[in-house]
Amino acid sequence: MPISRRTLAAAAALCLALPLSACGSGGDGGGSTDASGKVEGDITFQTWNLRANFKDYFEGVIADFEKKYPDTHVKWVDQPAEGYADKISADAAGGTLPDVVNVSPDLVAPLAKAGLALDLDKAAAKYKKEYLAGAWASHRIPGMTGTYAFPWYLNTGPLFYNKSLFKKAGLDPETPPKTYDELFADALELAKKSDGKVATLANVPTIEDFGRYGVELMNKQGTAYTFNDAKGVQMLAKYKELYDAKALDPQALTATPESSGRKFLTEAVAMNPGSALDLGNFKKQAPNLYKNIGITDQITSTGHVNMYVMGVMVNSKTKHTPAAVAFAHFVTDAEHQMSFAKKVAIFPSTAGSLDDPYFTKEDGTDETRVRIAAAKSLKNAVNYTPVLFSEQMKTALRNEVAKALQGKESPKAALDNAVKQCNTLLQQQG
């Protein structure tokens, strides 16, 4: 997966059209859930668009593993970001899925349902305590028991805001909004004072935004979506108010994280989510923005920020279960996660790693300030996007949100329709 601003949010969901013969328990068809044997054999490790920037790192990890276990050989393959879900789908259906696979929670769900993802609660339970509880839980599937991938790197980020734009609107640039009520009030004031020329937000609400607002996204059984409750309707109605006042960018209906980032860069938008990676871009591409940059926490009604999580899954059909499990753990252990985190602005999912001075000690730079704030918030962060929320569901929600913002449907009707479509898709997954 490409590691850049908010790309962890954009993991494509996998709707596998697997033949019935591929479904069933993870133990049949050549695999074994017993990882206690000798670590030996040839295995294949697949990553998601990481070779271009991290070739030396992964070759080093593989060399160290093969040195530790001389009877193993790891073949590394890297797939492009584009079409990654389709590639996994084709490999799963064709019986050519690699032994160890870089996945996100939504990618692992259909593989687990098809019996192709090894249950680590059975095969690797001894490693569970090495990881943050929230990260380990992120690869559990509603309606199933078990955990289906080792947690790997995490990401989250603050909200950046433009102090200059806040000041021009008569708002205190040193006290950015901390709650949704403050955010909506400030956004309306910014739009009013700029005659609609400055929007505060550039993106329509996504499923994670409803989660951070405190909406119950699914029922407890994980069998139906429920984000059309009173709180969900209230949030969408607020966004409609912002849209009408041009406090939400008029192009938000078709915005991408990249296009929203450009709007913030050109000072057409006052606030935008991001990560420590962005600060270097601001310094280089928009020095005026950089000198006026404000950094604040994600806004949430729950006390828990959103986190994006990547995982490393073991193919339940591997012929070399001990080697595949050992390698998946090796890649995601504390030592290797820390070394990876120091190469790029991501965060380890291993317990205790976020207490390292690298994530706690200030040095006066904005980059470190962002890193420390993010690390602190990750200790109890939540992956709000439901594991079963597919790309089709994201599209259905986005389309209905657009209708509500444009006044074609009421917020209640739009969310009722979105929930109905998502629940139909959910039943088809089952």
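1. The note opens with a pair of strands. Strand S1 (residues 41-48) and strand S3 (residues 100-103) run parallel and are joined by two bridges. Within this pairing, Phe45 has Val100 of S3 as its bridge partner. The model discussed here and in the points below is a predicted one.

2. The axes of H1 and helix H14 (residues 334-341) come within 12 Å, and they cross at roughly 165 degrees. Because angles over 145 degrees count as roughly antiparallel, H1 is described as roughly antiparallel to H14. The crossing of H1 with H14 is right-handed. On the H1 side the contact is made by Phe54, Tyr57, Phe58 and Val61, and on the H14 side by His336, Ser339 and Phe340. By class, the residues of this contact comprise five nonpolar and two polar, with no charged residue.

3. Helix H9 (residues 230-244) packs against helix H17 (residues 411-429) at an angle of about 125 degrees, and the two axes are 9 Å apart. This angle makes H9 oblique to H17. The crossing of H9 and H17 is right-handed. H9 contributes Gly232, Val233, Leu236 and Ala237 to the contact, while H17 contributes Pro411, Lys412, Ala414 and Leu415. The contact of H9 with H17 contains six nonpolar residues, one polar residue and one charged residue.

4. Ala245 is located in the loop between H9 and helix H10 (257-265). Its relative accessible area is 31%, so Ala245 is classed as partly exposed. The C-alpha atoms of Ala245 and Leu188 are separated by 6.8 Å, although these residues are 57 residues apart along the chain. When neighbours within four places in sequence are left aside, Ala245 is in contact with Leu188 and Ala191.

5. Attention then turns to H10 itself. Its buried residues are Ser260, Gly261, Lys263, Phe264 and Leu265. The elements that cover these buried residues include S5, S6, helix H11 (276-285), helix H12 (287-291) and S7.

6. Strand S5 (residues 159-162), one of the elements covering the buried residues of H10, is itself covered on both faces. Leu159 and Tyr161 are buried on one side, and Phe160 and Asn162 are buried on the other. S5 runs antiparallel to strand S6 (residues 271-273), to which three bridges join it; in this pairing Leu159 stands opposite Pro273. S5 also pairs with strand S7 (residues 293-296), in the antiparallel sense over four bridges, and there Phe160 stands opposite Ile295.

7. Most residues other than glycine have a negative phi. Glu267, which follows H10 and lies in the loop between H10 and S6, has a positive phi near 65 degrees although it is not a glycine. With a relative accessible area of 23%, Glu267 is partly exposed. Asp195, also a residue other than glycine, has a positive phi of about 55 degrees. Asp195 is found in the loop between helix H7 (180-193) and helix H8 (207-213). Its relative accessibility is 65%, so Asp195 counts as exposed.

Key. Residues are numbered from 1 along each chain as its sequence is written. This is a predicted model: local features need pLDDT of at least 70, side-chain atom pairs count only at pLDDT 80 or more; totals for chains, interfaces and linings use all residues. Side-chain values use heavy atoms; hydrogens and water are left out. Axes are lines fitted to C-alpha atoms, for helices over the stretch in contact, and angles run from 0 to 180 degrees between N-to-C directions. Angles under 35 degrees count as roughly parallel, over 145 as roughly antiparallel, 65 to 115 as roughly perpendicular and the rest as oblique. A crossing is left-handed if the near helix is turned anticlockwise from the far one by less than a right angle, and right-handed if clockwise. Contact means heavy atoms within 4.5 Å. Ala, Val, Leu, Ile, Met, Phe, Trp, Tyr, Cys and Pro count as nonpolar, Asp, Glu, Lys and Arg as charged, and the others, Gly among them, as polar. Buried means under 20% relative accessible area, exposed over 50%, partly exposed in between (1.4 Å probe, protein chains only). Two strands pair if DSSP finds at least two bridges between them.
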